[in-house]
Amino acid sequence: MTEKRRQTEEKIRCDACPVMCYIAEGKVGACDRYANENGRIVRCDPLTILHRRVEQGGEIRPFMATEWDGQMVGGDDVFVSGVGSGTTYPDYKPAPFIVSREVEGADFITVVTEAIFSYCGVKVKIDTDRHLGHEAATVRAEGEAIGHVTTSEYGSQMLSLGGVEHLTGGSKAEGRVTCDALLKLCNREAVELTIDGGATVEVQAGQPPVVDGHREERMRVGCGSATIGMFASQWHGLVDEVVVVDDHITGVVSEHQAGKVLDWPDTGIRIKGRRSTPGRYFQVAQPGRGWGGTDIEDPLTILNPWLAKKGARPGLTMLMVSTTGEQYGYYVLDDNLEPQPAPLPDTLKPSVDLIAENCEPALCTVMFQAGAGGSLRSGVTKNPVQLTRSVQALKTHVTCGGAPVFVWPGGGITLMVDVTKMPDGSFGHVPTPALVAPLEFTLEREHYRALGGHDAQVRSVADVLATGGEYGGAVRAVSDTRRGKG
Ligand code: SF4
């Protein structure tokens, strides 16, 4: 027998994904999730249970599952998550754990698995006024296209990353880099993204975005018009004119409805841009990284000459401010009716500070989005469409690592989850490439039987903790971050 052949024979095959790695004793497979431990394939991460009585952020890792504190095995307090559970790819067999537990006197089943998602993506919301790139511009990681810019919402730029086009529809490098970027984003690590024709932005779930090296602090309080509406009364009597400079809607208090109800006098100001309704202007400048998400550094460039016949006069005062209060300027009209910069009076400082105070912290939000496919559903029931119908009818509750998910209406089980609500390190990957994410389906036992569930595979929580599963018996408990009941 050759040395090579002997080595191959000592390796054992992992069947948890289509890569089918041969793993040598003491080594891990290509995804780092499974190892060969004493001639047995085991899941490297322990099965994770969520426990209400474990303090926030706390973690208990039992030395031996059989020494588990009996107190911890109560149904209502304990939720077995998919994290570390393993898979049953290709799901011709029941999910790795189908666990029964009592919740408020009723018998519930939770079906637990780690699903392999070849067709998933993330939606990223970046709270920033700064222009990141035009709609539909390509978003790149390590130079590879991994998604695109979608809409700009009122204080945020939205990105759509991943999906079948990038994971499997492009080159091998594109798929690998996309999978890597999604994995990091979902596990709340920082990823640097570049946008064609736009900015470089560092994105990390739950952290402020860093745009071209500038760490964002505040999310805008609203558009320029909304800011006028909120604070017009605070400026009344202290200044003759206020302009809130904004890429979306620039507001002018003397013309705005909010000013009108305060009997604010005309000032003869004239704004460049497309007038929408009184005191509300679109397109005063190009999008950019300057004042209010525009490309301007000097706000006076959005003004046309002032009109004396409409109220302009020497000595008239004006405050110009951005929607975050980060930029502001105070001006006085000279004898030629041209605004000249002047120090901000102390009386106006509190109103500028109030804008800043009303801004919320700028954050990046990462929502994992995926569809629980047909083969995965057969790990839950012998009649998979019944599961879909049950989920759509809200009879089966879906969670990701115990976190509540939003299930889209329409066909299939397409779900979206905030990754910051999930336990640390919930996501994995396989090199096909695809992301791996925990998934749990919870439903009443009677209903589970009715929809063709694998009732013979149901086990108690205590049995799961004591004897583990096909891929080992390591268990850990972390605090329950769920907002609802499983
Ligand atoms: S990539 Fe991971 S899950 Fe897939 S066969 Fe290899 S070790 Fe198993």
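Modeller: Let me start with a term: domain bounds come from an automatic or database domain assignment. For this protein the assignment gives domain 1 (11-43), domain 2 (47-118 + 373-479), domain 3 (120-217) and domain 4 (224-359). This is a predicted model, in which local features need pLDDT of at least 70 and side-chain atom pairs count only at pLDDT 80 or more, while totals for chains, interfaces and linings use all residues. Residues are numbered from 1 along each chain as its sequence is written, and side-chain values use heavy atoms, with hydrogens and water left out.

Biologist: Thanks! What separates the centres of domain 1 and domain 3?

Modeller: Taken over C-alpha atoms, the distance between those two centres is 32 Å.

Biologist: How do you know which residues surround the ligand?

Modeller: A residue counts as near a molecule if one of its heavy atoms lies within 4 Å of it. By that rule 13 residues surround the ligand, and C14, C17, M20, C21 and C31 are the closest.

Biologist: What makes a residue of that shell nonpolar, polar or charged?

Modeller: Ala, Val, Leu, Ile, Met, Phe, Trp, Tyr, Cys and Pro count as nonpolar, Asp, Glu, Lys and Arg as charged, and the others, Gly among them, as polar. The ligand shell then has 11 nonpolar residues, one polar and one charged.

Biologist: How do you know where strands β3 and β4 lie, and why are they called a pair?

Modeller: Strands are DSSP runs of E with at least two residues, helices are runs of H or I with at least four, and both are numbered from the N terminus. Two strands pair if DSSP finds at least two bridges between them. β3 (residues 34-37) and β4 (residues 40-43) have four bridges in the antiparallel sense, so they pass that test.

Biologist: What makes N38 stand out in the loop between β3 and β4?

Modeller: Most residues other than glycine have a negative phi, and most peptide bonds are trans. N38 has a positive phi near 50°, in a hairpin with two residues between the strands. The peptide bond from T432 to P433 is cis, with omega near -5°, and P433 is in the loop between β32 (428-430) and β33 (434-444).

Biologist: Why are β21 and β26 said to stand at the edges?

Modeller: Their open sheet of seven strands has the order β21-β22-β19-β18-β24-β25-β26, with mixed pairing. β21 (274-277) and β26 (339-342) each have a single partner strand, so one side of each is left without a neighbour in the sheet. β25 (residues 328-333) pairs with β26 in the antiparallel sense over four bridges, and Y330 stands opposite A342.

Biologist: How do you know that α4 and α6 cross at roughly 145°?

Modeller: Axes are lines fitted to C-alpha atoms, for helices over the stretch in contact, and angles run from 0 to 180 degrees between N-to-C directions. On that scale α4 (residues 224-235) and α6 (residues 349-358) cross at roughly 145°, their axes coming within 10 Å.

Biologist: What makes these residues of α4 and α6 meet?

Modeller: Contact means heavy atoms within 4.5 Å. T227, F231, Q234 and W235 in α4 meet S351, L354, I355 and N358 in α6. That contact has four nonpolar, four polar and no charged residues.
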